[in-house]
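Work through the exercises below with the sequence and structure at hand. Each task is followed by its solution.

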Amino acid sequence: MFTSERGAARALLAGFVALGWVSCASGQSARVPEGPKLGVPVTEADAASWNISVGPDGAGLPPGKGTAATGAALYQAKCLACHGEKGAGKPSDQLVGGQGTLRDANAVRTVGSYWPYATTLFDYIRRAMPYVAPQSLTPDELYSLSAYILYLNGVIGENDEMNASTLPKVKMPNRDNFVSAYSEPKHPTR
Amino acid sequence: MTSDTQRHELEPVAGNGLLHRRLFLTQGAAAGAALLTARAAGAAPLDVPASMKTPGVPPSAYGERSPHEARVQRIAQSAAPSLGTGSSRTPLESLEGVITPSSLHFERHHNGVPDLDPATHQVLIHGLVERPLLFSIDALSRYPLVSRIQFLECAGNSAGNNAPEPPQQSAGGIHGLLSCSDWTGVPLAVLLDEAGLKPEGRWILAEGADAAGMSRSVPIAKALDDAILALYQNGERLRPSNGYPVRLFLPGYEGNMNVKWLRRIKVTAGPTMTKDETSKYSDLGLDGRSKLFTFPMDVKSVITSPSGGQKMQGPGLYQISGVAWSGFGKVRRVDVSADGGKTWTQAALTEPVLSKSLVRFRSPWRWSGGPSVLMSRAVDESGAVQPTRAALIAARGTNYRYHYNAIQSWKVSEAGEIGNVYV
């Protein structure tokens with residue numbers, strides 16, 4: 001009697017485990033509690049003003065263009081006070097130089113020596129710079145500043161135009177030295 | 001209860017005066033009774049306190065701590081011209097238990113704390129979903145809520161101990177980008193389910209409504225597992241410095257990913273490669289290569305009392321007290337040493353031991369008055385053991401910067417002064 005009860009309990013437990021696994025494998029909906037569904041539908045077009053992120057493939061880059069030549073004057077006016085002459089840094093982050101130092105005791109991590117993607121530069125300047133007036137720059141200004149910093153680092157030429165097509169194609173010098181430590185779980189939740 | 005048991009537990013169990021962890025649990029009185037000093041003959045009779053002769057102040061609408069505790073402050077750092085970019089650290093050495101008072105929760109901001117109105121703030125979920133949706137704070141507050149007591153630690157916490165010479169700071173000054181709260185919020189999985197995830201959506205981008213537009217990519221597995229949109233911290237609405245009115249909370253993951261003032265979640269096919277996840281919170285190793293996406297915080301512990309900057313009050317019985325945690329689950333064990341790691345004994349863990357939470361550990365110690373080095377070493381349920389500083393730095397150098405989780409050593413001098421030391 002005792003034995004068969006334990007056997008039944010085990011079978012029940014196994015059933016629960018199997019159910020859990022099957023629902024994991026078949027889709028997330030079975031595991032998610034029901035909510036009151038109060039989200040208000042919005043179109044991607046209406047949300048476009050919030051959609052400021054740019055992926056490494058360039059998705060999200062707006063129309064516009066700029067070169068280092070046009071970026072230099074903008075840099076003097078809007079960036080130099082914090083990032084120094086030609087991106088030398090101080091009081092804020094150094095943007096230029098440091099290439100070849102990443103194995104040294106005190107590696108210098110800059111856009112040129114470290115950053116893996118040029119699109120990140122555009123994305124970050126657009127959302128966060130200048131520090132006192134974020135989201136104030138036009139797309140042409142953003143392409144120009146991105147071009148200027150890439151040029152100072154020797155990544156592109158002074159007259160190379162940066163736009164939605166060319167910026168994602170820029171190969172950053174340190175790109176191949178990044179590896180992802182994340183791997184998706186073996187039994188994903190969906 | 002027997003005197004044999006008492007004698008047994010008063011015997012050191014490890015070098016330099018460490019006593020059995022059960023001492024305080026079973027019979028602290030006998031152990032503490034040795035050095036009673038009588039009041040001097042002829043001393044004045046005890047005063048009746050004035051507080052018993054005058055009515056106290058009435059109840060108040062919102063509580064304040066005692067003015068006598070005003071010295072307990074966060075340790076704040078930022079520099080001109082970007083004053084909003086900086087941090088303040090939790091004064092771990094002044095706290096007990098595991099809950100960090102919300103006023104003392106650490107801060108790390110990238111362009112200041114925004115002033116958001118919950119009546120107008122909205123959270124957008126869009127990208128690779130069937131139905132882009134907007135959620136008001138009132139709407140989110142009606143969803144099924146979950147509550148968990150969990151730690152939050154900045155990935156850059158304790159990085160000061162990478163320096164060649166040990167920084168002479170308090171426990172909070174070195175390790176105080178660490179706090180623990182009772183977080184309550186809406187499971188992100190419920191909201192993503194409502195929006196209808198497309199199969200190709202494997203990551204999300206979380207973005208804040210601050211002037212830095214703080215943004216981080218999070219794998220969809222984490223978003224669907226235990227991620228919440230937190231609305232409450234220690235029972236009340238979030239503090240502005242912790243993301244009011246809503247923040248992303250990712251149990252066990254590095255602090256930077258727990259985006260405050262959350263305004264947007266975009267479902268994407270891959271990581272967005274934001275400034276913070278590439279140029280900042282990536283781990284540069286000795287070979288010049290860098291690891292991206294090292295999300296969980298590793299097993300770690302620190303003794304908060306006695307600790308750096310404090311002073312011993314003469315030889316005798318003390319309670320070593322500290323906190324331990326792991327982003328991989330529960331802390332299984334904490335060992336303590338009073339002789340610089342030559343011998344160790346197990347500390348008592350305060351129940352309940354929760355997953356991805358701080359746990360308080362305690363251990364009785366009879367200080368002889370001689371030079372001592374106090375250390376703690378945590379082991380988590382995955383079997384990971386907190387490494388020594390030498391082992392950690394040998395393995396990955398000091399450019400690594402983030403995820404520093406080595407054993408902290410506190411040196412106690414004969415004068416009773418306590419400082420940071422590398423062993």
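**Exercise 1: a strand pair across the chains**

Strand β4 of chain A and strand β15 (residues 290-292) of chain B run parallel and are joined by 3 bridges. Strands are DSSP runs of E with at least two residues, helices runs of H or I with at least four, numbered from the N terminus; two strands pair if DSSP finds at least two bridges between them. The model is predicted: local features need pLDDT of at least 70, side-chain atom pairs count only at pLDDT 80 or more, and totals for chains, interfaces and linings use all residues. Residues are numbered from 1 along each chain as its sequence is written, and chains are lettered from A and ligands numbered from 1 in the order in which they are written.

Task: find which residue stands opposite Ser290(B).

Solution: Ser290(B) lies in β15(B), and Phe178(A) stands opposite Ser290(B).

**Exercise 2: the side of chain A that touches chain B**

Task: state how many residues each chain gives to the contact, and which element of chain A gives the largest share.

Solution:
- Chain A contributes 50 residues and chain B 52, contact meaning C-beta atoms, placed from the backbone, within 7 Å.
- On the side of chain A, β1 (40-41), α4 and β4 (178-180) each give two or more residues.
- The largest share, 6 residues, is that of α4(A).

**Exercise 3: α4 and α5 of chain A**

Task: describe how α4(A) and α5(A) cross.

Solution:
- The axes of α4(A) (residues 118-128) and α5(A) (residues 139-152) come within 10 Å and cross at roughly 130°.
- The two helices are therefore oblique to each other, that is, neither under 35 degrees (roughly parallel), nor over 145 (roughly antiparallel), nor 65 to 115 (roughly perpendicular).
- Among the residues of α4(A) that meet α5(A) are Leu121(A) and Phe122(A).

Conventions. Axes are lines fitted to C-alpha atoms, for helices over the stretch in contact, and angles run from 0 to 180 degrees between N-to-C directions. Two residues are in contact if their C-beta atoms, placed from the backbone, lie within 7 Å.
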